[in-house]
Each structure stands twice: as structure tokens, then as C-alpha cells.
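I opened my notebook to get to know a new structure, and these are my entries. Come along and look with me.

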Amino acid sequence: MSFLLFTTQQQARANGLQACVIVIRILRDLCQRVPTWAPLNSWAMELLVERVVSSAGNNLSPGDALRRVFEAIASGLLLPGGPGLFDPCEKDPTDAAGHLAPQQREDITASAQHAVRLIAFRQIHKVLGMDPLPVPPRFAKQRNPRNRKRRRDNSEGGELDGEGDGKKDKKEGEDDQGDVMETAGETGNQSTN
């Protein structure tokens, strides 16, 4: 009975949030592909997604909503001693993810932290389990990485059109101004010559 109540409540809320439906589909796929996420049941997952996405206040894109859900899990929401997931359909305060063992909670949290890192470094394709998308042509014509380095003074071609702020290599015995520093032994030899 409580499951039926929960399902109707979630459908009413989630249908108003389009990103919520998409993130739930992505997490269901993740639960099937990645064994770490398999213990998370759909009830707890839907409740988690709905609460996190609706707490944003404004309408989120599906990508932002997915990142926000992973950030919430990565922050320790499911960890033992953490806030947990309050189940609105139960009379007594119960954790909707109460069925998870402490090790499973830690594994899911660590996996979510890894997913946040991948998303931050523009590798969301690894989280989604798909091939990377091809680079659009407008981004493919960016500068050559070799041209991003500063030219050295002793490099081929010399300095080009005022691009002379190159970095010099320090030679042994030189100070910051490029002058040769004198050592104690050399100072005595130079004064006798």
C-alpha cells in the first residue's frame, strides 16, 4: 500500500520536473551496468532524485540535474551517520535506503565521487557508458598545443615579431638576471689574473 502511495506521489512530482525523469532513467541504467550501484532500489533512487532536483528551486537541465544528484550522493548523504533519505510515505521516520549495508553505502558514495570528478573533467561519456562524442569542427581548429609553449631564446627561428617574452633555461652558476655567479674558488683566481 505504501509503495502504491509512493509511486503515485513520485509520478505527480517527477512529471513536473522533466530533468527528474531523465536522471532516473540514467541511474536505472547505471544500476544495471555497474555492480556497485545494483543494491540501490528504484524506490530510494526515485526519492533521492526527486528531492535533490526539486531542492534546486529553478528548472535544471538534465546534465545539471545529474551532476547535482551525484554531488548529493558524493557528499555523504547515504553514509551511515549521514542525513539519509526520509521516506514520506511511512508514519515513523525511516530511511528509504535503510536496506543498504554500510559497505554498500560507502561504495556508492565513492562511486558518486568518482562520477563527479569525471563530469568535472568533461568525461561524462564514461559515466554514461558510451563512446565520446566527436569534437565539433569549430573546436577542432583550436591552436596547436606546440604553439602554447613560450619560445626559448636559443630555439630555432629566434624571436618572432615581438614574441620575445620567452623563458630562458638557467645554466649552472647563473643568478636570476642571467649573470654568472662567482664561487669562492673562482673569485680568487680572477683577482690574480
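**Entry 1: helix α2.** Which residues of α2 are buried? I should say at once that I am looking at a predicted model. I looked the helix up and found Ala19, Cys20, Val21, Val23, Ile24, Leu27, Leu30 and Cys31 on the buried list. Then I checked the length of α2: it has 16 residues, and its first and last C-alpha atoms are 23 Å apart, close to the 22 Å expected at 1.5 Å a residue.

**Entry 2: the whole chain.** Next I stepped back to see the protein chain as a whole. I counted eight helices and zero strands. Read from the N terminus on, the order of elements is α-α-α-α-α-α-α-α. The protein chain has 193 residues, and 26% of them count as buried. I also looked up its accessible surface, which comes to about 13700 Å², with 50% of that belonging to carbon and sulfur atoms. For contacts between residues at least 6 apart in sequence, I noted that 56% join residues at least 24 apart.

**Entry 3: an aromatic pair.** How many aromatic pairs are there? My search gave one aromatic pair. It is made by Trp37 and Phe70, whose ring centres are 5.8 Å apart; their planes meet at 75 degrees, over the 60 needed, so I wrote the pair down as edge-to-face. Trp37 sits in the loop between α2 (18-33) and α3 (42-54), while Phe70 is in helix α4, so the pair ties together parts that are 33 residues apart in sequence. Are these two residues buried or exposed? Both Trp37 and Phe70 are buried.

**Entry 4: helix α5.** I moved on to α5 and asked how its span compares with what its 19 residues should give.

**Entry 5: Pro80.** I found Pro80 in the loop between α4 (62-74) and α5 (102-120). Its relative accessibility is 47%, between the 20% and 50% cut-offs, so I put Pro80 down as partly exposed. Which residues does Pro80 touch, leaving aside its neighbours within four places in sequence? It is in contact with Pro102 and Arg105. Pro80 and Pro102 are 22 residues apart in sequence, yet I found their C-alpha atoms 6.2 Å apart in space.

**Entry 6: Arg122.** Just after α5 I came to Arg122, in the loop between α5 and α6. Most residues other than glycine have a negative phi. Arg122 is not a glycine, and still it has a positive phi of about 55 degrees. Its relative accessibility of 76% is over 50%, so Arg122 counts as exposed.

**Entry 7: the largest pocket.** My last stop was the largest pocket, which holds about 490 Å³ of space.

Technical notes:
Residues are numbered from 1 along each chain as its sequence is written. This is a predicted model: local features need pLDDT of at least 70, side-chain atom pairs count only at pLDDT 80 or more; totals for chains, interfaces and linings use all residues. Side-chain values use heavy atoms; hydrogens and water are left out. Helices (H or I, at least four residues) and strands (E, at least two) are DSSP runs, numbered from the N terminus. Buried means under 20% relative accessible area, exposed over 50%, partly exposed in between (1.4 Å probe, protein chains only). Contact means heavy atoms within 4.5 Å. Rings of Phe, Tyr and Trp (its six-membered ring) pair if their centres lie within 6.5 Å; planes under 30 degrees apart count as stacked, over 60 as edge-to-face and the rest as tilted. The expected span of a helix is 1.5 Å times one less than its number of residues. Accessible areas come from the Shrake-Rupley method with a 1.4 Å probe; for residues, only the protein chains shown count as cover. On a 1 Å grid over the protein atoms alone, a cavity is a set of points where a 1.4 Å probe fits but cannot get out, and a pocket is an open set with protein on both sides within 12 Å along at least five of seven lines; lining residues have an atom within 4 Å of a point. Grid points are joined across faces, edges and corners, and a volume is the space filled by probe spheres set on the points.
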